[in-house]
Amino acid sequence: PPEARFMKHAFLSLLAVLPAFPSLLACWGCRPRDGAATDALFRLRNLGRLQAARDTPEGFEEGAKAFAAALGQRTDLGDILNLARCVTLAGRSEEARSILESARKALPARSPAPLELVYLEGLAFKGLNSYAEAAARFREVTERDPGLEAGWYQLGTTHFLREAHAEAVK
């Protein structure tokens, strides 16, 4: 019958594609050991993202609470960065700097810091009026990703705050 030929073709196509995606093979049919804990963790992460997306001080505070709770369940670099982002944007720069230091310590040995981590460090230093440190971080951001406009903007405003006006307009 045509349905059987279609199923055979679909199955053979899937077998042909799977070697290109080893992560699919590794998890084929696997399930988390503790589904309830995993679901709770995903809920906390989603809540944090939704709260932060409000783009208000209250939203950042609520997002920070959710990401802190997620980190209480499992340490994850993404959650650390999300917590740092919320805390930074809530205006708690000293706390953000401490969180970002822990993010750096969580990186594998000799791996470069994610660009987002460097950018958030720049924002935290800028919030602490440590303009030279902030400028160094934003300079790294612009060198690593010249197309990221936010890096250039932050570098320029940091130079302006340092009263390095000639550098600010470069």
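Start by selecting Glu133 and Arg137 in helix α8 (residues 131-144) of this predicted model. They are 4 residues apart, so about one helical turn separates them. Show the side chains: Glu133 and Arg137 form a salt bridge, with 2.8 Å between the closest N and O atoms. Now colour by accessibility. Glu133 has a relative accessible area of 37%, so it counts as partly exposed. Arg137, at 18%, counts as buried because the cut-off for that class is under 20%.

Salt bridges with shared partners join Arg104, Glu121, Glu133 and Arg137 into one network.

Next, go to helix α6 (residues 93-106) and select Glu94 and Arg97. What is the spacing of Glu94 and Arg97 in the helix? They are 3 residues apart, about one turn. A salt bridge links Glu94 to Arg97, and its closest N and O atoms are 2.7 Å apart. Glu94 has 45% relative accessible area and is partly exposed. Arg97 is also partly exposed, at 26% relative accessibility.

Now select Asp79 and Arg45. Their side chains meet in a salt bridge with an N to O distance of 2.9 Å. Are Asp79 and Arg45 buried or exposed? Both are buried.

Side chains of opposite charge can pair when their charged atoms come close.

Stay with α5 and bring in helix α7 (residues 115-127). How do α5 and α7 pack? Their axes are 10 Å apart and the angle is about 25°. That angle is under 35 degrees, so α5 and α7 count as roughly parallel to each other. The crossing of the two helices, α5 and α7, is left-handed.

To see the contact itself, show these side chains:

- From α5: Leu81, Ala84, Arg85 and Thr88.
- From α7: Glu116, Leu117, Leu120, Leu123 and Ala124.

Colour the selection by residue class. Which classes make up the contact of α5 with α7? The residues divide into 6 nonpolar, 1 polar and 2 charged. Thr88 is the polar one, while Arg85 and Glu116 are charged.

Technical notes. Residues are numbered from 1 along each chain as its sequence is written. This is a predicted model: local features need pLDDT of at least 70, side-chain atom pairs count only at pLDDT 80 or more; totals for chains, interfaces and linings use all residues. Side-chain values use heavy atoms; hydrogens and water are left out. A salt bridge is a side-chain nitrogen of Lys or Arg within 4 Å of a carboxyl oxygen of Asp or Glu. Buried means under 20% relative accessible area, exposed over 50%, partly exposed in between (1.4 Å probe, protein chains only). Axes are lines fitted to C-alpha atoms, for helices over the stretch in contact, and angles run from 0 to 180 degrees between N-to-C directions. Angles under 35 degrees count as roughly parallel, over 145 as roughly antiparallel, 65 to 115 as roughly perpendicular and the rest as oblique. A crossing is left-handed if the near helix is turned anticlockwise from the far one by less than a right angle, and right-handed if clockwise. Contact means heavy atoms within 4.5 Å.
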